[in-house]
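Work through the exercises below with the sequence and the model side by side. Each task is followed by its solution.

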Amino acid sequence: MEKGELTQKWRAMSEEIISGVAEWRQQHPKATFREIEAEVDQRLSEMRARMLSDAAIVSASADWEGSEEQPKCPHCGAELQAKGKKKRKMQTRGGQEIALEREYGICPKCGQGIFPPG
Ligand SMILES: [Zn+2]
């Protein structure tokens, strides 16, 4: 994804959140501070997860396909053999699960399947 595309996507997403919170506030005029906080946190953590996943996809494709250097096995240093893409589930610090499509490789020495770091 291009930088401009990402910016556009995230801007649209943040505007959605801003107007969503404003709308929610109108529908909940008696909400307590804690309720408002929970609502804002919830929406922001969704945005956070989507941003993370979008940004991570960008770096993953740059790392593996873009560079000459093959990712290496973290255990023995052998070059990984690319095995295509696989979904990798990651947990954000906010506790949300995101599934990333990442390049997946097998170490020819250890025989272990590895998602290169990044
Ligand atoms: Zn290895």
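This is a predicted model: local features need pLDDT of at least 70, side-chain atom pairs count only at pLDDT 80 or more; totals for chains, interfaces and linings use all residues.

**Exercise 1: the zinc site**

Residues are numbered from 1 along each chain as its sequence is written, and side-chain values use heavy atoms, with hydrogens and water left out.

Task: identify the protein donors of the zinc ion and the geometry of its site.

Step 1. The SG atoms of C73, C76, C107 and C110 lie 2.2 to 2.3 Å from the zinc ion.

Step 2. Angles among the four donor atoms run from 103 to 117 degrees. The site is therefore tetrahedral (four donors, all angles between 85 and 135 degrees).

Step 3. C73 is buried at 4% relative accessibility, whereas C76 is partly exposed at 35% (buried is under 20% relative accessible area, exposed over 50%, partly exposed in between; 1.4 Å probe, protein chains only).

**Exercise 2: a salt bridge**

Task: find which parts the salt bridge of K9 and D54 ties together.

Step 1. The side chains of K9 and D54 meet at 3.0 Å, N to O (cut-off: a Lys or Arg side-chain nitrogen within 4 Å of an Asp or Glu carboxyl oxygen).

Step 2. K9 lies in helix 1 and D54 in helix 2 (residues 33–66), so the pair links parts 45 residues apart in sequence (helices are DSSP runs of H or I, at least four residues, numbered from the N terminus).

Step 3. D54 is buried at 8%; K9 is partly exposed at 35%.

Definitions and conventions. Donors are N, O and S atoms within 2.8 Å of the metal (3.2 Å for Na, K and Ca); water is not among the atoms, so sites may look incomplete. Four donors count as tetrahedral if all angles lie between 85 and 135 degrees; four count as square planar and six as octahedral if opposite donors are over 155 degrees apart and all others between 65 and 115; anything else is irregular. Helices (H or I, at least four residues) and strands (E, at least two) are DSSP runs, numbered from the N terminus.
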